[in-house]
Amino acid sequence: MKIAQLLNVSHSYSGQPAIKNISLGFEEKKITTIIGRSGSGKSTLLQFINGLIKPSAGSISVFGKGLNYKEISATRLRMGYMVQGTGLFPHFTIAENISIAARISSYPLDVNQRVRELMTLVGLPDSFQRKYPFELSGGEQQRVGICRALFLDPAILLMDEALGSLDPITRQEIQSEILKLQRLEPRTILLVTHDMREAKILSDYILVIDKGEVQQYDTKEEVLQRPANAVVEKLIEASVW
Amino acid sequence: MVKAFFTLCIFLSALFTEGQSIRVGAKHFNEGYILSEIISQLLESEGYTVERKYNLGGTLVCFEALKNNAIDIYPEYSGTLSAEILQQPQLSYQAINLALQRNFQLEIAKPYGFNNSYALVIKKQLSEAKNIRAISDLKTHTELKFGLSYEFLKRQDGWDNLAKRYSLPHQAVGLEHGLAYQALDQDRIELTDAYSTDGEIAKYNLVVLQDNQHFFPEYEATSVYRQGIDTRIKDILSKLNGRIDEQRMQRMNASVLFDKKTFEQVATSFLIYEGLILKRQAERKSTINDILQKAGRHLLLTFSALLLAICFSIPLGVWLYWHPGISKSVLYFSGLLQTIPSIALLAIMIPLFGIGVVPAVVALFLYAVLPILRNTLTGLQSVDPLLKKVADGIGMNRFQKIRFVEFPLAIPIVLAGIRTAAVINVGTATLAAFIGAGGLGEFIVTGLALNNTELILRGAIPAALLAIAVEFGFGFLEKWWVPKHLR
Ligand SMILES: Nc1ncnc2c1ncn2[C@@H]1O[C@H](COP(=O)(O)OP(=O)(O)OP(=O)(O)O)[C@@H](O)[C@H]1O
Ligand SMILES: [Mg+2]
């Protein structure tokens with residue numbers, strides 16, 4: 001049983017095809033990295049899962065049921081989403097940004113404690129709570145974004161180039177935090193990146209797409225050792241040096 | 001015992017009349033004010049409480065107000081009633097009264113005693129130099145510049161038909177009656193319409209052209225009221241029958257316009273002179289209090305309309321944001337409302353809401369809708385699409401999205417719209433005086449009618465200060481409310 005499944009999914013933006021007839025399923029409680037060149041359709045694919053984009057053709061099912069676009073809110077609350085770019089609300093403080101989900105659904109636990117817990121996890125000092133996003137660096141903002149996506153402890157975490165603007169050291173720190181977290185309480189993570197090194201470190205599975213088509217979808221080891229075609233090879237080569 | 005009963009009766013009747021408030025209307029020109037003030041003071045001396053609804057914008061506003069029971073009495077001219085209201089020029093006084101009773105359940109008292117007919121006036125020098133004595137003499141003097149009041153240009157018994165009757169080929173320009181004499185005096189125009197009782201005729205050394213073809217109907221001044229009004233009031237009003245002749249009226253007009261007496265003082269002197277009252281009853285308000293009171297009313301009009309507009313436009317703006325298909329047509333429609341001249345919009349309000357605060361607030365409300373609506377819509381539309389996507393992704397429904405993300409981020413733009421609406425309203429509210437809603441416009445309208453600059457400034461300066469204060473107030477509100485990084 002896959003936790004999220006695409007069946008014959010295609011999508012075009014005003015006539016331009018972006019995703020071409022993809023059928024695949026994502027493994028529960030595993031980290032799957034979606035990798036490909038810029039414009040290959042990674043963000044589009046990710047947003048099928050939480051219904052932000054409704055495909056032109058084909059069907060999506062998540063948690064064992066077809067997506068009901070009319071009542072999508074409840075489903076989305078069970079998925080954390082980190083948009084490409086930081087996307088923090090400029091009028092909310094860091095603490096308010098992180099705990100925004102508590103305002104739109106009933107959150108039974110102590111909100112402040114959860115905020116502190118998450119901030120510690122990603123290495124943000126408590127003193128940031130009352131700051132506004134514009135007072136933080138890009139990397140700090142991305143870490144806040146991770147906290148916000150994790151707030152409700154979602155079963156699925158969708159991360160669109162979440163570690164993009166972090167320096168190598170912080171990036172490594174966050175990567176090992178994610179791995180640690182995954183060992184403690186595994187969840188399904190779909191992680192978009194164009195960096196094969198990141199895929200090597202984090203993935204259980206790797207999905208390579210190019211021009212809206214799947215090039216290879218397999219375990220990390222399989223993809224790295226037996227690249228299916230030249231496109232995949234090129235991606236791996238590009239990350240070596 | 002009998003004495004006690006008698007006292008009680010007097011007390012009760014006093015109480016009864018005390019509680020009754022009589023609303024007296026006035027047209028916004030000098031003579032209108034004086035006559036209405038005479039009526040008001042006379043009624044007050046008999047124990048009535050009088051509500052003064054002066055500055056009503058012209059014949060139709062007054063008449064509509066009377067018909068719709070928004071005022072009880074106002075002074076009017078027989079010729080005006082005949083031509084403007086009954087649409088049958090040159091009816092006899094008797095016939096006018098009968099027609100009013102039959103068609104409107106209204107009635108007129110006996111004439112006050114003067115005929116304030118329309119007249120055409122020119123400078124005496126010009127009359128002598130070119131030998132123009134009668135209206136028919138104008139035909140051969142096509143070079144003369146005619147400046148006529150807007151009302152005269154529109155009337156049945158006004159310019160169009162007069163020109164036809166006398167075959168006059170002249171083109172006439174319109175101007176405010178209160179400014180016509182000055183224009184005449186400074187030779188910017190050479191002829192204007194006037195009332196035969198105008199105080200200026202003597203002052204500016206003018207002559208009235210003879211109406212040798214008897215075009216103008218008679219304009220006997222008298223009180224108009226509803227048939228069903230208390231007979232005691234009719235009796236009181238009848239005391240004015242035949243009391244005021246043309247010279248009297250000219251003098252009264254002149255003492256307001258040139259001796260700088262207030263029309264209240266002139267009315268009082270007249271009533272005392274005629275032995276109708278002993279002295280003025282009501283206290284006089286100090287100027288400062290008067291200004292403060294009118295400014296207060298002004299703000300009340302402005303801000304109640306603004307508040308209504310906010311409560312209406314913001315939800316509507318949100319709704320339109322959700323239904324972009326119709327937002328264009330709604331914006332277009334409310335833009336259309338904006339283009340209706342204020343005076344016309346106020347006039348449209350009278351049949352619907354009568355006169356006073358309500359129609360004024362409704363009209364101001366309509367003007368305030370567009371800026372707030374438009375800015376709400378643009379504000380919501382211009383929120384960063386990425387943030388909208390994040391809000392969706394988190395799982396917000398559209399109400400939560402508006403509440404937590406889109407509206408808070410649109411506030412600076414919405415606030416700017418409210419500020420525009422407020423400034424428009426402060427300005428437009430000065431016109432509310434025309435439909436008896438009060439406010440600083442009272443000074444301005446009266447001042448314009450009396451050509452009294454001091455009075456105009458008494459309204460215009462506080463109104464300008466209010467507009468500035470509103471502008472600053474909102475600036476301050478924005479500073480205080482909207483954090484710097486969102487501005
Ligand atoms: N809203 C849109 N309207 C029109 N075309 C779009 C839109 N979003 C994406 N596209 C197009 O669809 C294709 C796939 O876009 P997508 O954002 O999925 O790429 P991506 O793999 O995430 O790229 P990147 O690594 O640069 O983020 C691109 O060619 C892009 O130009
Ligand atoms: Mg992308």
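This note covers chain B, one of its helix pairs, and the cysteines of a predicted model.

1. Basis. In this predicted model, local features need pLDDT of at least 70 and side-chain atom pairs count only at pLDDT 80 or more, while totals for chains, interfaces and linings use all residues. Residues are numbered from 1 along each chain as its sequence is written, chains are lettered from A in the order in which they are written, and side-chain values use heavy atoms, with hydrogens and water left out.

2. Chain B overall. The C-alpha atoms of chain B fill a box of roughly 85 × 80 × 45 Å along the principal axes. Chain B has 21 helices and 10 strands (DSSP runs of H or I, at least four residues, and of E, at least two). Of its 487 residues, 53% count as buried (under 20% relative accessible area, 1.4 Å probe, protein chains only). Among contacts in chain B with a separation of 6 or more, 76% join residues 24 or more positions apart (heavy atoms within 4.5 Å).

3. Helices H14 and H17 of chain B. The axes of H14 (residues 287–322) and H17 (residues 357–381) come within 6 Å and cross at roughly 40° (lines fitted to C-alpha atoms over the stretch in contact, with angles from 0 to 180 degrees between N-to-C directions).

4. Cysteines. The count is 0 disulfides over all chains (a disulfide being a pair of cysteine sulfur atoms within 2.5 Å). A:Cys147 is buried, at 0% relative accessible area, whereas B:Cys311 is exposed at 54% (exposed means over 50%).
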